Structures are given as structure tokens and as C-alpha cells.
Amino acid sequence: MRYYIHEIKLWFKNDSEPKSYELKPNKINVITGDATKGKTSFLKIIDYCLLSKKNRIVQSIINENVSWYCINFFINDKNFIIARKSPEAGEVSAEVYFSDRGIYPTLPVANISIFQLKEVLNKEFSIPKIEYPTIKNPQKLSYREFLVLTSISADIIITSNNYFDKSFYEITTDEDLKHIFYISTGIDKIQNILIEEKRRPIEQQINKLANKINTETAKKKSLDYELAQLITECKEYNLLNVDFEYSTYIEAYNALNQIVKDYIVLANNEKIFKQIDSLNKEKRNLIKKTNAIENFKNEVDIYHKNLNKYADSLKPIEYLANNFSEIIPSRSIHLFINSLEDSLKEIKIGYKKTDFKFYKYQTELTSLNERLKQIDIEIKSLPKIKSIFTSEAAKYIFIGNLQNKLTNNEKNRLKLDSPQKELLANLKEELEKLDLQFYDIDKNKYVLNEELNKSIQRIYSLINSMPNYKNHTIRFDIDEMVLKLKNPRELFESEDIGSSSNYMFLHLCFYLGLHEYLIKNNHKHVPQFLFIDQPSFPYFSGGDKVKTDDQEKLIDAFKLLNSFLSYVINDLKSEFQIFMVEHAPKDYWEDNDLEYFHTVDEFINGNGLIPQYVLSKNTEENDSID
């Protein structure tokens, strides 16, 4: 990714003239000078302006004098300026000025939020809005993670087993570091993270459905077992043939339901009997009433016949009464004849009164006969009563339980009859399609690591200051994330290569080889930029004077850097910028015609990151106050 810093600028709290440090593209930009003058703070300033969450800039002299820090840089042919207010009370500031047209303010004023600016930078670093899947507490993957590959800090440059300043860039675990390295080198790709983002909810659904299906399967097995138990019990009660078999639960349901239906009819016999008994009882009562009425009618008929007989026997009296003058007149006879005549009249009147058609019983008899006919119809309409082959109470109790269990079994099975398996199959198919898009990490891990090692080996072959390891092969152990050397004549790789000077060279080899590889493969997440903090550290750590052989080693290191720039610019036809702070004087590169070196500033004779005119003004102001 094309990137270089054009300028680092400081505004001061005492209204002194701002200070600018101008860097050049395609150069090894060097600030050299004495110790404790703020050289190392340049990396911290760059990181602070790139929105670090931590304040690492020294408070004494530096923070206490600076009001705003600023970097002016080019990224993907765009000129960005980011200024950030100086930390206060040790805390980073949220006040940020941003220009995407390279416009400086007279004095910076906050015009964008840190969140918004990070989104802008993420876009330039080709980082989509995705969750970081490799850590337990997901955070957004950002451009800041890739900055770890852009600096060799003083904390790692001479270490034997650490090639990455994780703590400086707030990378918490080796796993996170490895993941960033994989993406940077193309072993893994952000495409995989995007796929993983899509996979995660699908996997969660699959797991949820699988658990549900497993639960349902267990429930179905339980329901199937319950059916089998019911079938067995029905055989024991002789409700099913002993040799009855079924292949599906539906067949079992049908057989058991038929038993229940049959015995529901048998159980209803008692109700039918009660209805028939009630109707027959009513019928008997009606028959009794009709019989009584019929008997009464017969008796009335007999009575009438008797009356007729009596009337016939008294008819002569009527004649005697009409012809009384012809009979011997006698008062007693006359009274007797009158008495007989009165009896005859009473018989006639009684006959009329007892005529059955004048009695209400005829109407009632008609009604009773109609009801008897209706009862016969009702009895015929009732279900035919089946024979009950057993009267054991236990069997009927079992049938009742069977019906309840069967009903519950069917209801519970219906609850499980959902399209879960079909949905699960669709989700798995969707997951398989995503998996086909995955960039094969294991395959690429080997192939791309070999390419990376070729670049590192090319750089290593240019070193003259490690004569004891001249013919060794070098490789980056991608599992341990360290460089390893091996003598072709030996079986095992070297565990210890001695001096801090050797490890300084190995760090240069790794980072130059890494960036060469990244440029060749056109990777877009890592800036084509490298900050190097004092390669001379192994040689100047004991004092300002350097032994002749150590001086030669340091010049060899500078030549290595110069050769790398030449290779990138002339052979790879690309761009690269190195920003180096050094203790060695500029004679080391100027006297050796290292054409890609550019001296930005010298912190000598009291000069430092904070210029003398700023410190002097503070002194004058303090003196005036006194």
C-alpha cells in the first residue's frame, strides 16, 4: 500500500513558531544525534496521530511544551493531514483535526471524531467493517493492527525471540498477532473473515436446530417406545393378536385406535341399555294404562249389556203404565208400577251416561297408543348392541388409559412434526457454499511462506557482518514467529547466534524481506513504510566511541538499507520510505555515498525534538515571572 510521511509538525503551548520535520519519499530519512533528545518519540508521535488509545509520549519537556502533534502523509495518492491535541494529565485527547486535501490550519481545531476518522483510515487500508473473529471479546479489525509490521522499535531490535512490538500496538495475544500476519502476507485473507462473519450466524442456527432435532429425536424415540409398550400390553390383554407386527408408528396408531373405537362402542352399550330400559319402562307403563282403559271399556260394555237386559225386562211396566185403566185399579198397584217405571227411566239415563265415547279415556288411549308407536321407533333407531366378550373391570380401565395415552402420544408427535430437518439441510448447504469460497490457509501457509523466505534469504545474502553464518539458510518459522538459521552441514537449526549485533541484522533481514515480499505480491493492508529505531544500539550502548569493526558492521547495516531501497525503486518499480532515528553521525552514510539516505535533522549541540527557541522562550517567561 502506497504510503509515506511528508512532514511531522508540532505546535507549542507558548505560542512559539511551530516546528516541522520534513521527510522525503523513497528515502531513508534519518534523524541523528545525541541521546535523550527525543529521537525515539517520533515513532510515538506518529502512532499518537494515527489515533493510538495510549499516550506514550514523554511528559517532561515534550508533552509539557507541545499543544498539538501533526503528521502530513500521502496514502493511495491522497494527501492527509491529522493533528491531535497533546495529552492532558497523561490521557489521550479526543480532539482531532483532519484534512483530506493537505490543508494546514493556522492552529488546529477539532473537526472530526476519532470514530469517524478511523472509518476513513480503515477504508484507505482496505479494511471492511467486520468483527475480529479470533479473540474472545470481539473488537473491530482496524488499520492499527497492521502498523505492527511497520516498525522495528528499540524494544525488539536486538532481542533473540521477539520480532514484533505487540505491546506498543496493543496486540494482546500471539494468536491475534499471527492472524494479522497471515492476513498481511496473504496466507489468510479478509475475505475469509467476511465469510466467517456470514458463517457464524448460520452455524449458530445449525447448532440450535441440531440441538432441537436431537431433542425431538429423543422425544420421538420415547414416543415410539411408549407405543411399543402399549402394543405389548394390548397383546397381554388379548386385544391384539400375539403375532401382530408393525413397520411404522402410523400402523401402530391405527391398530390401537381401532381397539379404542371398538371398546368405545362396547362402553356405550350401558348407555344404550339405559335408554332402552327407560323406553321399555315407559312402554310398559303405557301398556298398563291402555290395558286398564281397555278393561274399563270392556266392563262398561258388559254393564251396558246388563242394562239392556234390565231394560228389556222392564219394558212391560211401560205398557202397564200406559194402560193402567185396563188393569184393576188399586193405589198400591199404581205406586208399584210408577216405581218400576222410574227404575226403567234411570236405567236408560245410566246407559246414556256410561256410553264410552263420552269418556275422556278415549282421548288418552289414543295419545298413549301414539306414544307407544314413537317408543318403538326410538328403540329401533338406537345402535345395535355388540356382545361384550369380557366383563373384567381392569380391561376397561386399561382401555381408558390407552385412549388417554394414545391421544397424548399423537399430540406430542404432532408438535414434533416441523420442517426442522429440511431447514437444517438448507443451512448446511448454504454453509458448504461459503466454505467453497474460503481461502485455503493451510495450503497457502506453505506456498507463501516459501516465497517470503526467498525474499528474506535474498536480503540475508547481502550481509557481510555475520561471517560465521555466511553460508547458512534462513527461514521464518511461521508457527513460532521468529527467524531461524541452519548450517547446511548440520541437522538442526541454530538455537543461539550470539551477539546482539547478529540479532539486529536478523531483524533488518526479516522486515526488509517481509516488505519486499508484500510489494511483490501487491498486498494492500500494510503501508510501504518502516520506522527503525537505532540499528547502532548494539555498538553505541557503551559510549559514544565505536570500535572499528563495529563501525564496519553498522555501515554494513546502512548499506543493506540503501540496497533495499535501490532494489524496490529500480527493480520492483515501486515505492518505499524508511524513517530511521540514529545515534551514529551522518558521516556514516554521507562518506559512503549511500544515495538513498536523507538527513532530516541532527540533534546535536543542545538541539532536540523540542527546539531550543521553544525552551529558551519558556526560560525567558519564567525569568520574567520571577
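The chain you see above folds into 16 helices and twelve strands, where helices (H or I, at least four residues) and strands (E, at least two) are DSSP runs numbered from the N terminus. This is a predicted model, in which local features need pLDDT of at least 70, side-chain atom pairs count only at pLDDT 80 or more, and totals for chains, interfaces and linings use all residues. Residues are numbered from 1 along each chain as its sequence is written, and side-chain values use heavy atoms, with hydrogens and water left out.

Let's begin with the whole chain. Of its 626 residues, 44% are buried; buried means under 20% relative accessible area, exposed over 50%, and partly exposed in between, with a 1.4 Å probe and protein chains only. Among contacts (heavy atoms within 4.5 Å) with a separation of 6 or more, 71% join residues 24 or more positions apart.

Now look at helix H1, residues 41–49, which is mostly covered, with eight of its nine residues buried. Among them are Phe42, Leu43, Ile45 and Ile46, along with Asp47. Asp47 counts as buried because its relative accessibility is 4%. Beyond residues up to four places away in sequence, Asp47 touches Ser52, Arg56, Arg144, Leu147, Phe168 and Tyr169. Just after H1, Leu51 takes a positive phi of about 75°.

Further along, helix H11 (residues 441–460) packs against helix H12 (residues 500–520) at an angle of about 125°, and their axes are 8 Å apart. These axes are lines fitted to C-alpha atoms, for helices over the stretch in contact, and angles run from 0 to 180 degrees between N-to-C directions. That angle makes H11 oblique to H12, because angles under 35 degrees count as roughly parallel, over 145 as roughly antiparallel, 65 to 115 as roughly perpendicular and the rest as oblique. On the H11 side, the residues that meet H12 include Leu448, Leu452, Ile456 and Ile459, while Leu506, Cys509 and Phe510 are among those in H12. The residues of this contact divide into eleven nonpolar, two polar and four charged; Ala, Val, Leu, Ile, Met, Phe, Trp, Tyr, Cys and Pro count as nonpolar, Asp, Glu, Lys and Arg as charged, and the others, Gly among them, as polar.

Strand S9 (residues 482–486) holds Leu483, which is buried with a relative accessible area of 8%. Leaving aside neighbours within four places in sequence, Leu483 is in contact with residues including Ile456, Leu506, Cys509 and Phe510. The C-alpha atoms of Leu483 and Ile456 are separated by 9.5 Å, although these residues lie 27 residues apart along the chain.
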